[in-house]
Amino acid sequence: MTRETVYKYLSEQEEKLLKYSVEIPIEVNSAWANQFPNEAAVYILRGDDAIVYVGETPHLKAQMMELISAKNLDNSINGFLNSLVAKQLKLSYLLVDLGRKELQERILEKVGTGKKAYTKS
């Protein structure tokens, strides 16, 4: 692979994730996490249409289970968190077999260097 090929691949993946991926409201329950494939992915969390977190994982479903894990919370707190999180955070992801870390770093560089956060326009 040439440097140009890698750059083009990462640019295409970035565009798919940032502009065309579905935004899924986060729910604090295992049924929500179980909808995801247990495959390698890069994912973003958005709040108010701005990216607030970028992550990569070899196992998306397991990562989402960890994200919503509330082992020490009772049901009333869990319900409150569910409504709060669902109103404010949305998840988008892209299954990526090759270049997860590079794609994550590329997006983080754009979001974290003082540039405006991406919005889905």
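R106 is buried in this predicted model, with a relative accessible area of 15%; here, buried stands for under 20% relative accessible area, exposed for over 50%, and partly exposed for what lies in between, using a 1.4 Å probe and protein chains only. The model is a prediction, and local features need pLDDT of at least 70, side-chain atom pairs count only at pLDDT 80 or more, while totals for chains, interfaces and linings use all residues. Residues are numbered from 1 along each chain as its sequence is written, and side-chain values use heavy atoms, with hydrogens and water left out.

The side chain of R106 meets that of E14 in a salt bridge, with 2.3 Å from N to O. The term salt bridge is used for a side-chain nitrogen of Lys or Arg within 4 Å of a carboxyl oxygen of Asp or Glu. Side chains of opposite charge can pair when their charged atoms come close. E14 is itself buried, with a relative accessible area of 4%. A second salt bridge joins the side chains of E14 and K110, at 3.0 Å from N to O. E14 lies in helix α1 and K110 in helix α5, so this pair ties together parts that are 96 residues apart in sequence. K110 is partly exposed, with a relative accessible area of 24%. Taken as a group, E14, R106 and K110 are linked in a network of salt bridges.

How many salt bridges does the rule give? The count comes to five. One of them joins K8 and E12, whose closest N and O atoms are 4.0 Å apart. These two residues are four residues apart in helix α1 (residues 3-20), which means that about one helical turn separates K8 and E12. K8 counts as exposed at 52% relative accessibility, whereas E12 is partly exposed, with a relative accessible area of 37%.

The protein chain has five helices and four strands, where helices (H or I, at least four residues) and strands (E, at least two) are DSSP runs numbered from the N terminus. Along the sequence, their pattern is α-β-α-β-β-α-α-β-α. Of the 121 residues, 32% count as buried. Contact means heavy atoms within 4.5 Å, and among the contacts with a separation of 6 or more, 75% come from residues 24 or more positions apart. The chain exposes about 7600 Å², and carbon and sulfur atoms supply 52% of this; accessible areas come from the Shrake-Rupley method with a 1.4 Å probe, and for residues, only the protein chains shown count as cover.

Is S92 buried or exposed? At 1% relative accessibility, S92 counts as buried. Leaving aside residues up to four places away in sequence, S92 touches L17, S21, V22, E23, V42, Y43, I44 and R46. The side chain of S92 reaches the backbone oxygen of V22 at 3.1 Å, and a polar contact of 3.3 Å joins the side chains of S92 and R46. A polar contact is a pair of N or O atoms within 3.5 Å; within protein, one must be able to donate a hydrogen and the other to accept it, and residues adjacent in sequence count only if both atoms are side-chain atoms.
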